[in-house]
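Subject: Structure for you to look at

Hello,

Please find the structure below, with the sequence. My notes on what turned up follow after it.

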Amino acid sequence: WRERSYRLTASILLNLPFEVTSEEDLARPELKRLGRKTRDKVQEYLATGRIGRADGLDQDESTKALGELQDIWGVGLTTARKWLGIGCRTVADVRQRVADGSLKLSSDQLLGLQFFEDFREKIPRSEATEIVEVVRGAVTRRYGSKLRLEAC
């Protein structure tokens, strides 16, 4: 529910016709859907420029471990939590468990683990553009104008 609440709050704040800059803004009708705890967090942010609880997440070891595990292709929050529960805190831990046979991965996860470092590398824009053009050419040759390719 917390994630849903944060998404709703973000949506409300992003779609406002004004910027929230004071506590008085929180009383406006457009923000009546925000709950008490959310209002408290917005007030804290307006007063300090920070939200203490969010700052604490950057330091939390479990949050860091979940983030690293979710960086493996094919691993979502549920799987990352499960792995954390059995003692896997890092990609190296996952690799060790896979090697000793105590952790089974899907084919997608195995590829994600195998190419973990490669997937984390940034591709220069020029190289990405070149790849898009090669794929676009192949799609055009195969499908003509029946298919439109859009890179994102």
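A charge is said to sit over a ring if NZ of Lys or CZ of Arg is within 6 Å of the ring centre and within 35 degrees of the ring normal. By that rule, the charged end of Arg142 sits over the ring of Tyr143, 5.0 Å from its centre. Arg28 does likewise with Phe18, its charged end lying 3.5 Å from the ring centre.

Some notes on the source. This is a predicted model, in which local features need pLDDT of at least 70 and side-chain atom pairs count only at pLDDT 80 or more, while totals for chains, interfaces and linings use all residues. Residues are numbered from 1 along each chain as its sequence is written, and side-chain values use heavy atoms, with hydrogens and water left out.

The whole chain. The protein chain has nine helices and zero strands (DSSP runs, numbered from the N terminus: H or I of at least four residues for helices, E of at least two for strands). Its radius of gyration is 22 Å, whereas a compact globule of 152 residues would have one near 15 Å (taken over C-alpha atoms; the globule rule is 2.2 Å times the number of residues to the power 0.38). The C-alpha trace spans about 55 × 50 × 25 Å along its principal axes. Of the 152 residues, 19% are buried (buried means under 20% relative accessible area, exposed over 50%, partly exposed in between, with a 1.4 Å probe and protein chains only).

Helix H7. This helix covers residues 107–114, and its buried residues are Gln109, Gly112 and Leu113. Seen down the helix axis, these fall within an arc of 100°, so they line one face of H7 (the arc is that of the directions from the axis to the C-beta atoms). The face turned away from the buried side carries the exposed residues Ser107 and Gln114. The cover over the buried residues includes helices H5 (77–85), H6 (91–99) and H8 (116–120).

Aromatic rings. The whole structure holds two aromatic pairs (rings of Phe, Tyr and Trp, the last by its six-membered ring, with centres within 6.5 Å; planes under 30 degrees apart count as stacked, over 60 as edge-to-face and the rest as tilted). Phe115 and Phe119 have ring centres 6.2 Å apart and planes at 45°, so their pair is tilted. Phe115 is partly exposed at 32% relative accessibility, and Phe119 is partly exposed at 48%.

Regards

Methods: Contact means heavy atoms within 4.5 Å.
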